[in-house]
Structure formats: structure tokens, C-alpha cells
Amino acid sequence: MMRVIFSFALLFSMFSIKAQTFNIDQLIGGKWMEYCVVDNDTLSKDKSIEFSAKYMKFTDSFDEEAPQSTSHYYYLSPTIPKTFDFTKVGKKTSGKYIVIYEEFNALYYLEIKVLTKDYLRLYDDVWGNVDESLREDVCYQKYKRVK
């Protein structure tokens, strides 16, 4: 009996690990506005992300007269790659990391923590070892779908 229970527990844990994989179709065509929990769950009018098949477009319109917008090649990957693989751009990929190509051959990635039809939560460890008490505010980016 213990062997059967252990087998089911192992099988369940394997399915939970697989559940951490997201499909690029869940992102394509979506527009996401930054979500600020501190300000009574309001959407920021300043920052958004849009996804097409090949490009991830960041817009920061803090300065309404001169909004900043940049587009980068991207793809999804199950692991963090060491180099950017251009052959995966625009392909039907899946994974838990959004791998982004920035200027001057720079590789950048964001980890998808939550992706539903209405909500996107990304983890950005650009700051390195952040004090655990600050990690939620510094490393997590929260977005709500607006399109």
C-alpha cells in the first residue's frame, strides 16, 4: 500500500513540475499593464508590455510628451540559455523563461511565475542577491492584461 501511495505522490509531483511550463501562444497578441498592489490594486499608466510572435515591446510613458518604447526579439525556453538562439524567435516555443535579446548581443531573461488569461507575474533577478524581505518589491513585476 505504501508503494502505491508513494507512486501516486511521485506522479503528482511530476505533473506539478510540468505545470510550470507556459506556451508562447498565451503571450502573443496580449498587452499587459503594470499592476501596482501598493496603490490599491491600480494599473500603472506608465508601463506596459506587448507580445507579438517575434517581438516583446516595452513601453514606459512616464514622460507623456516623450514615451519610451523598445522592442526586442524573444522566445520561451525551459532553461536559462547561455547564448541567444535566433532560430527559436517566432517559433512555437514553450518554457518558463522569456529569453530576450538586447542591444550589443546582451542576453536577458525573465522567469514567468504566473500566467493566466488576466494576470502575468514575472521574476527579474537583475539585482542579484536581494534581501529576502525586499524581494517581492524589487524582483517581481506584476501585470494585468488589457488586450
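Visitor: What should I know about the model before we start?
Guide: It is predicted, with local features needing pLDDT of at least 70 and side-chain atom pairs counting only at pLDDT 80 or more, while totals for chains, interfaces and linings use all residues. Residues are numbered from 1 along each chain as its sequence is written, and side-chain values use heavy atoms, leaving out hydrogens and water.

Visitor: How many helices and strands does the protein have?
Guide: There are two helices and 10 strands, taken as DSSP runs numbered from the N terminus (helices H or I, at least four residues; strands E, at least two).

Visitor: Which strands are joined to β7?
Guide: Strand β5 (residues 68–77) is joined to β7 (residues 97–102) by four bridges, and six bridges join β7 to β8 (residues 106–115). Both pairs run antiparallel; pairing requires at least two DSSP bridges between two strands.

Visitor: What lies between β7 and β8?
Guide: Three residues separate them in a hairpin, and F104 in that turn has a positive phi of about 60 degrees. Y101 has L107 in β8 as its bridge partner.

Visitor: Changing topic, which residues touch the most other members of the largest nonpolar core?
Guide: They are F51, M56, Y74, I98, I112, L120 and L122, in a core of 18 residues. β8 gives the largest share, four residues. Such a core is a set of buried Ala, Val, Leu, Ile, Met, Phe, Trp, Tyr and Cys residues joined through side-chain atoms within 4.5 Å, where buried means under 20% relative accessible area (1.4 Å probe, protein chains only).

Visitor: And which residues does the second core include?
Guide: That separate core of five residues includes Y75, F84, V89 and V99. Y75 also stands opposite V99 in β7.

Conventions. Buried means under 20% relative accessible area, exposed over 50%, partly exposed in between (1.4 Å probe, protein chains only).
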